[in-house]
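Colleague: Hi! Could you walk me through this protein? I'm new to reading structures.

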Amino acid sequence: GGTIDKFESIKGFRFSNSKEELIKIVNETGTGLMGQAESIVPLDKKLYALRDVTATVSSIPLIASSIMSKKLAVHADAIILDVKVGSGAFMKNIDEARELATTMYKLGRAFDRNIVCILTN
């Protein structure tokens, strides 16, 4: 699973599920984490289903746009992305992970966001 799945395996942990809740937590703590929410980029779920039936789930530009659409929708000033790579990750090799990270970085910078991508195994 991804970052959300790993965090949610911690008993009692849950992600913010609205922009308002996320903003409140960020204002109180200085940082925030948010999972998938129907109110944030609701079209993303439908686009993923379309990618599934068109065999484009592994398309790096489509993965990047899906991930970044949610980050950009909440107007975060700074975004830290943990790009997983290796046998337990969607990106199986370092070259694919770098391509995904670079694509997401460029999308973030195009919207004037401060962005850092970290590749982890």
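Modeller: Happy to; we'll start with the whole chain and then go through some of its parts. Keep in mind that this is a predicted model.

Colleague: Thanks! How many helices and strands does the protein chain have?

Modeller: The protein chain has 5 helices and 2 strands. Going along the sequence, their order is α-α-α-α-β-α-β.

Colleague: And which domains is it divided into?

Modeller: Domain 1 covers residues 1-37, and domain 2 covers 38-120. Their C-alpha centres are 17 Å apart.

Colleague: What share of the residues counts as buried?

Modeller: That is 28% of the 121 residues. As for contacts with a separation of 6 or more, 51% of them come from residues 24 or more positions apart.

Colleague: Let's pick a helix. How many residues does H4 have, and how far does it reach?

Modeller: H4 runs over residues 60-73, which makes 14 residues. From its first C-alpha to its last it reaches 20 Å, close to the 20 Å expected at 1.5 Å a residue.

Colleague: Which of its residues are buried in H4?

Modeller: The buried ones are Ile-60, Ile-63, Ala-64, Ser-66, Met-68, Lys-70 and Leu-72.

Colleague: Lys-70 is on that list of buried residues too, I see. What covers the buried residues of H4?

Modeller: The cover includes helices H3 (43-53) and H5 (94-110), along with strands E1 (78-84) and E2 (114-120).

Colleague: Is Ala-55 buried or exposed? And why does Asp-112 get the label it has?

Modeller: Ala-55 is exposed, because its relative accessible area is 68% and the cut-off for exposed is over 50%. Asp-112 counts as exposed because its relative accessibility is 65%.

Colleague: Now a residue in H3. Is Arg-51 buried or exposed?

Modeller: Arg-51, found in helix H3, counts as buried, because its relative accessibility is 8% and buried means under 20%.

Colleague: Which residues is Arg-51 in contact with, leaving aside its neighbours within four places in sequence?

Modeller: Those are Thr-56, Val-57, Leu-62, Ile-63 and Ser-66. You have met two of these names already: Ile-63 and Ser-66 are among the buried residues of H4.

Colleague: On to the strands. Which residues make up the covered face of E1?

Modeller: Ile-79, Leu-81 and Val-83 form the covered face. The uncovered face has Ala-78, Ile-80, Asp-82 and Lys-84.

Colleague: How many bridges join E1 to E2, and how do the strands run?

Modeller: There are 7 bridges between E1 and E2, and the two strands run parallel. Between them the chain passes through H5, and this β-α-β crossover is right-handed.

Colleague: Which bridge partner does Leu-81 have in E2?

Modeller: Leu-81, from the covered face of E1, is partnered with Cys-117 in E2. Asp-82, from the uncovered face, has Ile-118 as its bridge partner in E2.

Colleague: Great, thanks for the tour!

Technical notes. Residues numbered from 1 in each chain as written. Predicted model: local features only at pLDDT ≥ 70, side-chain atom pairs only at ≥ 80, totals over all residues. Heavy atoms only, no water. Domains from an automatic or database assignment. Helix = DSSP H or I, 4+ residues; strand = E, 2+ residues; numbered from the N terminus. Expected span 1.5 Å × (residues − 1). Buried < 20%, exposed > 50% of the residue type's maximum accessible area, 1.4 Å probe, protein only. Contact = heavy atoms within 4.5 Å. Pairing = 2+ DSSP bridges. Right-handed = clockwise from strand over helix to strand, strands pointing away.
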